[in-house]
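Me: I have a chain open here and need to get my bearings. Can you walk me through it?

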Amino acid sequence: EKYFMTEMIRTFICIELPANLKTQLEKLTEELKKQSKAKISWVKASNLHLTLRFLGDITKDQVSTIKACVEKASQNTNSFTITASGLGTFPNTKRPRVFWVGINDTSKSLLSLQKHIEQELVKAGFGRSDYPFSPHLTLGRVKEGNAQELAEKLSIVKFDSISFDVAELIVMRSDLRAGGSLYTRLATIKLLKEN
């Protein structure tokens, strides 16, 4: 037995996006690509998820613990609606590093759910998240050059808000392949249905 060969799995907890939103995000990315002079690495719309917590490398036998954490954190949560709307950049418009689409969480269900998941993971010994949760979808990361010009154009780029229901949470595995990332569901946790 090779005990030292523990396969590590790159994992995160996320919400899957509906097809109509992915289509809109793809159009949006194409539009931004055309306008950009800086070198930006754009995320394929089909690969976009709303990440609640990135866990990084874990072992296979930790998957069930993570699933249990998510189940416990969400046991009293009804499915809810969030809205993808608004474009922005981190850290600012002057020297943008990341382009994103915002997530509007009017019911605050998402924030509360994420907080509970975080608490359960910390209790289970996974440590705290590296940064505070700020719900967004990353469209692209600036690799070279200054994308200030593109950032300033965001206000005129058209992106219709799309609301969608969150009915389940996913523990996702990510494998980096030559052609991009390959995603595999490790566990699906259903939220309660609204009465």
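Me: How many helices and strands does the chain have?
Reply: This is a predicted model, and its chain has four helices and nine strands. From the N terminus on, the order is β-α-β-β-α-β-β-α-β-α-β-β-β. The radius of gyration is 18 Å, close to the 16 Å that the globule rule gives for 195 residues, so the chain is as compact as a globular protein of that length.

Me: What does the C-alpha trace span along its principal axes?
Reply: About 50 × 50 × 25 Å.

Me: And how much of the chain is buried?
Reply: Of its 195 residues, 45% count as buried. The chain exposes about 11,200 Å², and carbon and sulfur atoms supply 49% of that area.

Me: What share of the contacts comes from residues 24 or more positions apart?
Reply: They account for 78%, counting contacts in the chain with a separation of 6 or more.

Me: Switching to helix 3. How many residues does it have, and how far does it reach?
Reply: Helix 3 covers residues 109-123, which is 15 residues. From first C-alpha to last it reaches 21 Å, close to the 21 Å expected at 1.5 Å a residue.

Me: Which of its residues are buried in helix 3?
Reply: S109, L110, L113, Q114, I117, E118, E120 and L121 are buried. They sit on the same side of helix 3, because they cover an arc of only 165° around the axis.

Me: Why do residues three or four places apart point the same way in an α-helix?
Reply: An α-helix has 3.6 residues a turn, so residues with that spacing point the same way.

Me: Which exposed residues are on the face turned away from the buried side of helix 3?
Reply: K115 and K123.

Me: What do the buried residues of helix 3 pack against?
Reply: One helix and several strands: helix 2 (63-74), along with strand 1 (8-16), strand 3 (49-59), strand 4 (80-90), strand 5 (98-104) and strand 8 (168-177).

Me: What comes just after helix 3?
Reply: G125 is found there, and it takes a positive phi of about 90°.

Me: Now helix 2. Which residues are buried there?
Reply: V63, I66, C69, V70, A73 and S74. Seen down the axis, these residues fall within an arc of 125°, so they line one face of helix 2. The helix has twelve residues and reaches 17 Å from its first C-alpha to its last, close to the 16 Å expected at 1.5 Å a residue.

Me: And what does that buried set of helix 2 pack against?
Reply: Strand 1, strand 3, helix 3, strand 8 and strand 9 (180-190).

Me: Is T83 buried or exposed?
Reply: Buried, because its relative accessibility is 17% and the cut-off for buried is under 20%.

Me: What does T83 touch, leaving aside neighbours within four places in sequence?
Reply: T83 is in contact with G102, I103, N104, S161, I162 and S163. With S163 there is also a polar contact of 2.7 Å between the two side chains.

Me: Last one, G88. Where does it sit?
Reply: In strand 4. G88 counts as buried, at 9% relative accessibility. Apart from neighbours within four places in sequence, its contacts are V98, F99, W100 and L154.

Me: How far apart are G88 and G102?
Reply: They are 14 residues apart in sequence and 7.2 Å apart in space, C-alpha to C-alpha.

Key:
Residues numbered from 1 in each chain as written. Predicted model: local features only at pLDDT ≥ 70, side-chain atom pairs only at ≥ 80, totals over all residues. Heavy atoms only, no water. Helix = DSSP H or I, 4+ residues; strand = E, 2+ residues; numbered from the N terminus. Expected span 1.5 Å × (residues − 1). Buried < 20%, exposed > 50% of the residue type's maximum accessible area, 1.4 Å probe, protein only. Arc of directions from axis to C-beta. Contact = heavy atoms within 4.5 Å. Rg over C-alpha atoms; globule rule 2.2 N^0.38 Å. Areas by Shrake-Rupley, 256 points an atom, 1.4 Å probe, with all protein chains shown as cover. Polar contact = N/O pair within 3.5 Å; in protein donor to acceptor, adjacent residues only side chain to side chain.
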